[in-house]
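This report goes through the contacts between the domains, the surroundings of the ligands and the packing of selected helices.

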Amino acid sequence: RHKFWETQPVGQFKDVGDTSLPDGSIELPTPLSEVKQEPYNLPSPYEWTTCDMDSEETCTEVYILLKNNYVEDDENLFRFNYSKEFLRWALRPPGYYKSWHIGVRAKASKKLVAFITGVPARIRVRNEIVKMAEINFLCVHKKLRSKRLAPVMIKEVTRRVHLENIWQAAYTAGVVLPTPITTCQYWHRSLNPKKLIEVGFSRLGARMTMSRTIKLYKLPDSPVTPGFRKMELRDVSAVTRLLRNYLSQFVVSPDFDENDVQHWLLPTEDVVDSYLVESPETHDITDFCSFYALPSSILGNQNYSILKAAYSYYNVSTKTPLFQLMNDALIVAKRKDFDVFNALNVMHNESFLKELKFGPGDGQLHYYLYNYRIRNALRPSELGLVLL
Ligand code: MYA
Ligand code: JJ1
């Protein structure tokens, strides 16, 4: 069934339910001298390239490849359109390796035709902190599909990760592979219902008119929580403490230090946005919410070409009820002209989704670990990790 994945150190379907296998690493690290020193062979028309995301020109090539060939919904109405600024942010976190930003070019034209990336992360699984690569942006040009290029790319990124003495990875996909640690549901909260309906992202509900629908999703003009404000550089240490404490309750989560928080959560215009609640009395930072901006191209609509989507990222409530905090997040996202606010049913998100008028989407997201077995699949609420 899975000619490639059957050969890899991942949980196999045949082992589901086998209680004799231990949690943790599936295979042991080998000495670095035993890691293959040369790149894997590509079919002869193609060559490897390391993509320098500092270069405006290379970043544009990557952007265009993904804009035209990356993930679509099941009806091919929308395609993710990660911005260049977003790609630079996602691919250059603290300690990143340029060698993990891997492209494939056609030798003849030098055109970029495929891509895969890794970035380093410390991921905590139960009590163990594991150095991992987060693998993302695997993409093969539409004209080169089903030629078994993806397995070669996955093996090559694996080799380059091993060369840095890292032996585990985390990744997500919309497809089922051997074997998910959990499967999450996408939920969507309409901010601009008229446009969403017009472009086929959502439908007018039964017994609903357009004007009733617009009224249903109306939001106040500004946040309601006293002390709610944008996160600033001076907040990094307080946010790190709040977030570390919160994430410690989940089975799998990132192990963020202050550098990570500064990179991943300090607001970057049109990329990631974070807000917090500072107690007007004590000036304590008690609550936090964040979302990232990931637009999608609308394929073949006369009137609109871009769907502006905000994606829930990390949220922590200790004083403000989570639903009120997220309601304020919806209000600021609406003010920033997002059309829809998306969230997965991870962490405590289930507690506010229905109440805040999110509806389940038609997409699922499967989470995976490479070379790390978790015998029993997790519930989405046990997962404290959001990948971009
Ligand atoms: S998920 C986003 C993936 N990208 C897209 O969906 C964009 C649109 N699609 C494409 O560009 C292509 O269809 C892709 C496959 C490139 C996805 N993850 O070359 P093929 C297996 C893993 O003939 P193509 C993301 O970025 C498939 O089961 N494997 O197929 C995270 C089959 O293997 P097997 C996948 O359609 C990526 C083989 O590939 C995926 O031309 C994490 C077929 O290859 C997928 N999303 O190209 C990667 N889709 O026969 C793993 C298909 O066994 C990282 N396949 O079933 C693992 C950790 C590595 C680091 C380890 C460090 C220690
Ligand atoms: O966005 C998604 N679905 C939308 C659009 C569906 C269009 C037809 N297929 C959706 N809309 C309904 C919204 C509605 C709003 C009012 C309340 C009720 C709900 O369901 C889906 C997620 O649901 N997205 C995708 O399918 C994109 C791919 C998802 C897998 C991503 C893999 C990423 C890999 C990253 O490494």
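The domain assignment places domain 1 at 5-172 and domain 2 at 183-382. Taken over C-alpha atoms, the centres of domain 1 and domain 2 are separated by 26 Å.

## Confidence

The average pLDDT of the chain is 98, and 100% of the residues score at least 70. For the model, ipTM is 0.99 and pTM is 0.98. Where pLDDT is low, predicted coordinates should not be read in detail.

## Surroundings of ligand 1

Ligand 1 is surrounded by 34 residues, of which H2, F4, L138, A150 and A169 are the closest. Two or more residues of this shell come from each of β5 (128-140), α3 (149-162) and β6 (168-173). Sorted by class, the shell around ligand 1 holds 23 nonpolar, seven polar and four charged residues.

## Surroundings of ligand 2

Around ligand 2 there are 19 residues, and the closest are G174, Y186, G359, G361 and G363. At least two residues of the shell come from each of β6, β7 (182-190) and β17 (359-370). The most is given by β17, which supplies five residues.

By class, the shell around ligand 2 consists of six nonpolar, nine polar and four charged residues. Domain 1 and domain 2 each provide at least three residues of the shell around ligand 2. Strand β6 takes part in the shells of both ligands, giving two or more residues to the one around ligand 1 and at least two to the one around ligand 2.

## Packing of α1 and α2

Two packed helices are described by the angle between their axes and the distance between the axes. For helix α1 (residues 56-69) and α2, the angle is about 105° and the axes are 10 Å apart. The pair α1 and α2 is therefore roughly perpendicular.

From α1, the residues C59, T60, V62 and Y63 meet K84, L87 and R88 of α2. This contact of α1 with α2 divides into four nonpolar, one polar and two charged residues.

## Packing of α6 and α7

How are α6 and α7 packed, in terms of angle and distance between axes? Helix α6 (residues 236-247) packs on helix α7 (residues 258-265) at an angle of about 100°, and their axes are 9 Å apart. This angle makes α6 roughly perpendicular to α7.

On the α6 side the contact is made by V236, S237, V239, T240 and L243, and on the α7 side by E258, V261, Q262 and L265. By class, the contact of α6 with α7 comprises five nonpolar, three polar and one charged residue.

How values were computed. Residues are numbered from 1 along each chain as its sequence is written. Chains are lettered from A and ligands numbered from 1 in the order in which they are written. This is a predicted model: local features need pLDDT of at least 70, side-chain atom pairs count only at pLDDT 80 or more; totals for chains, interfaces and linings use all residues. A residue is near a molecule or strand if its C-beta atom, placed from the backbone, lies within 6 Å of it. Helices (H or I, at least four residues) and strands (E, at least two) are DSSP runs, numbered from the N terminus. Ala, Val, Leu, Ile, Met, Phe, Trp, Tyr, Cys and Pro count as nonpolar, Asp, Glu, Lys and Arg as charged, and the others, Gly among them, as polar. Domain bounds come from an automatic or database domain assignment. Axes are lines fitted to C-alpha atoms, for helices over the stretch in contact, and angles run from 0 to 180 degrees between N-to-C directions. Angles under 35 degrees count as roughly parallel, over 145 as roughly antiparallel, 65 to 115 as roughly perpendicular and the rest as oblique. Two residues are in contact if their C-beta atoms, placed from the backbone, lie within 7 Å. pLDDT is the predictor's confidence in each residue, from 0 to 100.
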